[in-house]
Amino acid sequence: MGGVILYGSPISTCSARVLLCLEEVGAEYQLVPISMPTGEHKKPDHLARNPFGQIPALEDGDLVLFESRAISRYVLRKYKESGTDLLKEGNLAKSAMVDVWLEAESQQYNPAISPIVYQSLFVPKMRGGTPDQAIIDASLEKFKKVLEVYEARLSKSKYLAGDFFSFADLSHFPYTKYLMVTPYASVFESYPHVKAWWKDITSRPAFKKVSAGMLGS
Amino acid sequence: MTSVTVYGAPFSPAVSRVLACLYEKDVDFKLAPVDMAKGQHKSPDFLKLQPFGQVPAFQDELATVFESRAICKYICNKYPEKGNQNLIGGRDGGLLARTSVDQWLEAEGQSFNPPSSALVFQLAFAPMFGFKQDPAAIEQNEAKLANVLDVYDRRLGESKFLAGDDFTLADLVHLPNGHILVSKKEDLFLSRKNVGRWWEEISARPSWKKVVEMQNVPQS
């Protein structure tokens, strides 16, 4: 059958999101590296896959997709028969909660955490630059407010969408993994339910496998 | 007698996104005001509906839902037979049609939304609420949004709407910020031929016109 092709990088957060889904459903896939340092992501071949010039992109036969959260949904639906149902689309109330916490990741969690990771990890490690502490500090304050909401949620619910592990939990993995590699990991100490949730989800085999390919492992 | 309640006011872009979807799907609802000036959105009762203390929140007999894009998906999933049946990917399109809608929904959420929301805040809400505008922020976000709209312009030269031949949720989600930005910086949209054409079409939809009417009614 051949499986799907993912254009991206094992160290990229958004590629990792899709890789996790591929691993969770046991899909056959090939990872084709796209070199950001050489600007490959902005060249015509890759722009034809992802017009925003970003990674990842997915090819499945004639279908080409971009946006990791959309690619992930495609993978999770396509391989639903594998027995791993991380979207719960057969149940209106459950799928609503999966969508709610996916949007919370996109609109609340990610904007707060990603500048911390970008400044404290990517800027020094990949650009040889100096972290902007003012940005980190401002983002940390925002992130703590977000974590308060997550702490309250995870005090009542084992996983974000309910008592079941879902794509909503998975989607939080890549940036959180990278935060854990920085000194700012300690922020989680004040949020015991969030910390316990993180320990739980990162014990999954798919997480261990994808984590091994990322920075700081 | 409807079980559907939306919490928030129509002038809020995120609330208006949900209202547009309800009108497209022909789903009756009641609108419950949230007095943000009095801090009602941070009250314990409201935080039970929306733990981040933001609008909108949505409730029906089955679920309490927040985040406007999740609410829109829920409405489409719950009422597939009502109103616009193509809103999350045509009936016969199956997985591929739905996937295309998901892709452009994410493009809006990740690429269009951040700079357009920042501009909406600077150009519309800062003056309205007495905050000082930040010219650097306006310039940076306008440049980012221009790059995004260049990508959109190429796409809309090949495709009638973002996800394909039909108007879908992927287009609808752009209406709230688009509407405000076209009133303040119309060149961003209208100077790009395909984006301009697309904007004229989507903003002319009866569902959106109803929302704009609601926004123009003074809230008591």
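The model is predicted, and local features are taken from residues with pLDDT of at least 70.

A positive phi also occurs in chain B, where B:Asp26 has a value of about 60 degrees although it is not a glycine. B:Asp26 belongs to the loop between helix 1 (13-24) and strand 2 (30-32) of chain B.

In chain A the bond joins A:Ile55 and A:Pro56, with omega about 5 degrees. A:Pro56 is located in the loop between helix 2 (44-47) and strand 3 (57-60) of chain A. In chain B the cis bond joins B:Val55 and B:Pro56, and omega is again about 5 degrees. B:Pro56 is placed in the loop that links helix 2 (44-49) to strand 3 (57-59) of chain B.

A:Leu65 is part of strand 4 of chain A. With a relative accessibility of 2%, A:Leu65 counts as buried. Leaving aside residues up to four places away in sequence, A:Leu65 touches A:Arg49, A:Ala57, A:Leu58, A:Ile71 and A:Tyr74, and from the other chain B:Thr99 and B:Gln103. The C-alpha atoms of A:Leu65 and A:Glu103 are 20 Å apart in space, with a separation of 38 residues in sequence.

The contact between the chains takes 28 residues from chain A and 30 residues from chain B. About 2700 Å² of area is buried between chain B and chain A, and carbon and sulfur atoms give 65% of this area. B:Phe52, B:Gln103 and B:Glu106 supply 22% of the area that chain B buries against chain A, more than any other three residues. One of these, B:Gln103, is among the residues touched by A:Leu65.

Helix packing was examined within each chain. Two packed helices are described by the angle between their axes and the distance between the axes. In chain A, helix 1 (residues 13-25) and helix 3 pack at an angle of about 5 degrees, and their axes are 9 Å apart. Helix 1 and helix 3 of chain A are therefore roughly parallel to each other. Helix 1 of chain A contributes A:Cys14, A:Arg17, A:Val18, A:Cys21, A:Leu22 and A:Val25, which meet A:Ser68, A:Arg69, A:Ile71, A:Ser72, A:Val75 and A:Leu76 of helix 3 of chain A. By class, this contact has eight nonpolar, two polar and two charged residues.

In chain B, helix 3 (residues 68-78) is mostly covered, with 10 of its 11 residues buried. The buried residues are B:Ser68, B:Arg69, B:Ala70, B:Ile71, B:Cys72, B:Lys73, B:Tyr74, B:Ile75, B:Cys76 and B:Lys78. The axes of helix 3 and helix 4 (residues 94-129) of chain B come within 12 Å and cross at roughly 160 degrees. This angle makes helix 3 of chain B roughly antiparallel to helix 4 of chain B. The crossing of these two helices is right-handed. B:Arg69, B:Lys73 and B:Asn77 of helix 3 of chain B meet B:Arg98, B:Asp102, B:Leu105, B:Glu108, B:Gly109 and B:Asn113 of helix 4 of chain B. The contact has five charged, three polar and one nonpolar residue.

The loop between helix 3 and helix 4 of chain B holds B:Asn84. B:Asn84 has a relative accessibility of 15% and counts as buried. Residues up to four places away in sequence not counted, B:Asn84 touches B:Glu24, B:Lys25, B:Phe167 and B:Arg205.

A further helix pair in chain B consists of helix 7 (residues 175-184) and helix 9 (residues 193-203), whose axes come within 11 Å and cross at roughly 115 degrees. Helix 7 of chain B is thus roughly perpendicular to helix 9 of chain B. Their crossing is left-handed. B:Leu175, B:Gly178, B:His179 and B:Val182 of helix 7 of chain B make the contact with B:Trp199, B:Ile202 and B:Ser203 of helix 9 of chain B. These residues divide into four nonpolar, three polar and no charged.

How values were computed:
Residues are numbered from 1 along each chain as its sequence is written. Chains are lettered from A and ligands numbered from 1 in the order in which they are written. This is a predicted model: local features need pLDDT of at least 70, side-chain atom pairs count only at pLDDT 80 or more; totals for chains, interfaces and linings use all residues. Side-chain values use heavy atoms; hydrogens and water are left out. Helices (H or I, at least four residues) and strands (E, at least two) are DSSP runs, numbered from the N terminus. Buried means under 20% relative accessible area, exposed over 50%, partly exposed in between (1.4 Å probe, protein chains only). Axes are lines fitted to C-alpha atoms, for helices over the stretch in contact, and angles run from 0 to 180 degrees between N-to-C directions. Angles under 35 degrees count as roughly parallel, over 145 as roughly antiparallel, 65 to 115 as roughly perpendicular and the rest as oblique. A crossing is left-handed if the near helix is turned anticlockwise from the far one by less than a right angle, and right-handed if clockwise. Contact means heavy atoms within 4.5 Å. Ala, Val, Leu, Ile, Met, Phe, Trp, Tyr, Cys and Pro count as nonpolar, Asp, Glu, Lys and Arg as charged, and the others, Gly among them, as polar. Buried area is the accessible area (1.4 Å probe) that two parts lose on being put together, summed over both.
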